Amino acid sequence: MTVARRVRVTGGQVVDPPTGTVEPRELLVEEGRVVSTLSDGEVEEVDARGLFVLPGLIDCHVHLVMRGEDADPSAAARRSPVEILASIREAAARTLRGGMTTVRDLGGWDYLEMQARDEPEEPMARMVLAGRLLSIPTPAVAYYPGMYEVVRGAEEVRAGVSKQLAHGADCIKVMATGAMLSPEDEDAQEAQLSEEEIRAAVDTAAAVGAHVAAHAHALSGIWAAVRAGVASIEHGTFADEAVLRGMAARGTFLVPTIRASAGPLGDPAFAGTLPPHIRRRLADAHEIHLEMLRLAHRVGTPIAMGTDAGAPGDLHGANAEECVALVDDVGLTPAESIRTATTDAARLLGREGEIGTLAEGAWADAVGYLVDPLDDIRALREPALVIKAGATVPP
Ligand SMILES: [Zn+2]
């Protein structure tokens, strides 16, 4: 990724997510970071007249290895490593063009995503990677052999965490319950890793400053993960008020992933091509999930934006649809929705001051829109300008 030496972005109305205010502001960039003054030398000028400029958005839950165009979630298992690497790069490039300058990938494939991150061939979203996810032996492994690290007991959990970190993981993903995008004999309502095992992951990761994200649908698994001290609950479908309040009290984030069901279900022709048991699971849980999210918002559970992009019908590049859904279907204000993908997402990732902000010292990641997203969140669907580390991303 080229980092422009000195850049001046002029004419834009810059949105400040924490305060929800907008003001005309010049963005000055040096060595990829926001600065208050430029040193002497040649300056690249970027025209942002007529644009509302946000800090680059952050999607806290993607799978770059999966393609949302595939109705079969196990499609990657039939691709070669070369094809998978190309597909990861393409997904990360599309994601960036869609206005997501950072993604957290919560389930890669044989560490090919580390190779994509470390050997960029075109501008791609900044990647925070989990490597393989840690899981007990479960039917889902048959769908995702390159994504699952099978562990039995706390000792193997610790070894599994160390292995991901040694491969270059930035964070860790654990499976606290069964999955929905899995073979028919898997049960999303069943708890999987125990509280003790998840705590072993949290402690091992924390020793190097890494956080743990827990996939959890069933209530018992959500409680186990929250008590074990994970940073985020992914999906959280069957969370009740008590656990949502517990998360609010502890500062545990909820990552909604509304798009994982709204994406495929919103396209009936595509939904008809899904494996029938998966279509049924998504349809059965969708309204329960939205009702849970409304409750989470009411009781003040911290929310960080995440889409599960790559899941069937959940397209890379359309990640901003999650921000729209948080407003339309859950009742967040546009300013709150934007915070879930900037300020709050950066806090979950432990990157406050680095991303999700255009304060001095942050990476100069920014997205410009023709319409003020504070007035109409749908503006996020169409970025008119994307900048990563000060470099303008070709459309
Ligand atoms: Zn996922």
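Biologist: In this predicted model, why is Tyr143 counted as buried?

Modeller: Tyr143 has 13% relative accessibility, and buried means under 20%, so Tyr143 counts as buried.

Biologist: And what makes Tyr143 and Tyr144 an aromatic pair that is edge-to-face?

Modeller: Their rings sit 5.8 Å centre to centre, and rings pair if the centres lie within 6.5 Å. The planes are 80 degrees apart, and over 60 counts as edge-to-face.

Biologist: Then why is the pair of Tyr144 and Tyr148 called stacked?

Modeller: The centres of those rings are 5.9 Å apart, with the planes at 10 degrees. Ring pairs link Tyr143, Tyr144 and Tyr148 into a cluster.

Biologist: Let's go to His217. How do you know that His217 is buried?

Modeller: Its relative accessible area is 5%; the cut-off is under 20%, so His217 is buried. His217 lies in the loop between strand E14 (212-216) and helix H5 (219-228), and touches residues including Met180, Ile222 and Phe238.

Biologist: What makes the link between the side chains of His217 and Thr237 a polar contact?

Modeller: The distance is 2.7 Å, and the limit for a pair of N or O atoms is within 3.5 Å.

Biologist: Last one: how do you know that His61, His63 and Asp308 coordinate the zinc ion?

Modeller: His61 (NE2), His63 (NE2) and Asp308 (OD) are at 2.0 to 2.2 Å, and donors are N, O and S atoms within 2.8 Å. The spacing in sequence is H-x1-H-x244-D, and both His61 and His63 are buried.

Terms used. Residues numbered from 1 in each chain as written. Predicted model: local features only at pLDDT ≥ 70, side-chain atom pairs only at ≥ 80, totals over all residues. Heavy atoms only, no water. Donors = N, O, S within 2.8 Å, 3.2 Å for Na, K, Ca; no water. Buried < 20%, exposed > 50% of the residue type's maximum accessible area, 1.4 Å probe, protein only. Helix = DSSP H or I, 4+ residues; strand = E, 2+ residues; numbered from the N terminus. Polar contact = N/O pair within 3.5 Å; in protein donor to acceptor, adjacent residues only side chain to side chain. Contact = heavy atoms within 4.5 Å. Phe/Tyr/Trp six-rings, centres within 6.5 Å; stacked < 30°, edge-to-face > 60°. Lists of a residue's contacts leave out its neighbours within four places in sequence.
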